[in-house]
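Good morning, colleagues. Please have the sequence and the coordinates open while I speak.

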Amino acid sequence: MKNLKAIHYVLLCSLLARIMLYFVQSHPIWWDTGVYASMGRYIFSFGKVGLWEAIRPPVMPVLMGLASGLGPNVMLSWIFLLHLLFAVGVIYLTYLIARELFNEQVGIVASAILSFTPSFFFFSYIPLSDIPSTFFAMLALYFFVKNKDVAAGVFAAIAVMTRFPQGAVLISM
């Protein structure tokens, strides 16, 4: 335990808090989540089941569709788990970017503040496109800070294909 850094404690506390919330609260399936799931089924059934909405980006439907053949309960569990991992990834990327731009203490404080910000905490277990697109945008920003422009561009493009307003990240870089 002595070898663990403070960021590991932040990530562990954040993960445990989100897991407890998962078991204590109900899991609303919001309209967009249902549409993404239906689009995922449409993709992986080659258009036989589900629906397609051209105004929605394709990354979330693909992520949800990966488990679409396993039944709706497994698919929802899969997407909740994946969304949880994206949320923890955003927290860790916040630490990495702040550590790179400032120092380790700023990174730890920034990641701890983000981790328990009410809106981020609430939306980190609701499977919408916000958290995954933020993960890809922050990954693009991290690579941009590290002067790896091709990787930054690729992840910025994935962020845009996860949620269209993330195009602001691509434009700003």
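Phe-46 lies in the loop between H2 and helix H3, the latter spanning 59-65. Please bear in mind throughout that this is a predicted model. The backbone at Phe-46 has a positive phi of about 55 degrees, although the residue is not a glycine. Most residues other than glycine have a negative phi. Is Phe-46 buried or exposed? Its relative accessibility is 76%, so Phe-46 counts as exposed.

A second residue belongs in this part of the discussion. Asn-147 is not a glycine, yet it has a positive phi, here of about 60 degrees. Asn-147 is placed in the loop between H7 and H8. With a relative accessible area of 64%, Asn-147 is exposed.

Helix H7 covers residues 130-145 and helix H8 covers residues 149-162; their axes come within 8 Å and cross at roughly 165 degrees. Angles over 145 degrees count as roughly antiparallel, and H7 and H8 are therefore roughly antiparallel to each other. Their crossing is left-handed. On the H7 side, the residues making the contact include Phe-136, Ala-137, Ala-140, Phe-143 and Phe-144. On the H8 side, they include Ala-151, Ala-152, Phe-155, Ala-156 and Ala-159.

I turn now to another helix pair. Helix H4, residues 72-101, packs with H5 at an angle of about 155 degrees, and the two axes are 7 Å apart. H4 and H5 are therefore also described as roughly antiparallel to each other. What is the handedness of the crossing of H4 and H5? It is right-handed, whereas the crossing of H7 and H8 is left-handed. From H4, the contact is made by Val-90, Ile-91, Thr-94, Tyr-95, Ala-98 and Arg-99. From H5, the contributors include Val-106, Gly-107, Ile-108, Ala-110, Ser-111 and Leu-114.

Ser-111 counts as buried because its relative accessibility is 0%. Leaving aside residues up to four places away in sequence, Ser-111 touches Ile-91, Thr-94 and Tyr-95, and also Ile-7 and Val-10. Ile-91, Thr-94 and Tyr-95 are among the H4 residues in the contact with H5.

My next topic is the aromatic side chains. How many aromatic pairs does the structure hold? There are 13 aromatic pairs. One of them joins Tyr-22 and Phe-23 in an edge-to-face arrangement, with 5.3 Å centre to centre and 80 degrees between the planes. Tyr-22 counts as partly exposed, since its relative accessibility is 25%. Phe-23, at 65% relative accessibility, counts as exposed.

Another edge-to-face pair is formed by Trp-30 and Phe-123, at 5.6 Å centre to centre and 85 degrees between the planes. This pair links distant parts of the chain, its members being 93 residues apart. Trp-30 is in the loop between helix H1 (6-24) and helix H2 (31-44), while Phe-123 is in helix H6, residues 118-123. Trp-30 counts as partly exposed at 32% relative accessibility, and Phe-123 counts as partly exposed at 28%.

Beyond the individual pairs, Tyr-22 and Phe-23 form one aromatic cluster together with Phe-80.

I close with a charge and a ring. The charged end of Arg-56 sits over the ring of Tyr-36, 5.5 Å from the ring centre. Thank you for your attention.

Technical notes
Residues numbered from 1 in each chain as written. Predicted model: local features only at pLDDT ≥ 70, side-chain atom pairs only at ≥ 80, totals over all residues. Heavy atoms only, no water. Buried < 20%, exposed > 50% of the residue type's maximum accessible area, 1.4 Å probe, protein only. Contact = heavy atoms within 4.5 Å. Phe/Tyr/Trp six-rings, centres within 6.5 Å; stacked < 30°, edge-to-face > 60°. Helix = DSSP H or I, 4+ residues; strand = E, 2+ residues; numbered from the N terminus. Lys NZ or Arg CZ within 6 Å of the ring centre and 35° of its normal. Axes fitted to C-alpha atoms, helices over the stretch in contact; angles between N-to-C directions. Parallel < 35°, antiparallel > 145°, perpendicular 65-115°, else oblique. Left-handed = near helix turned anticlockwise from the far one by under 90°.
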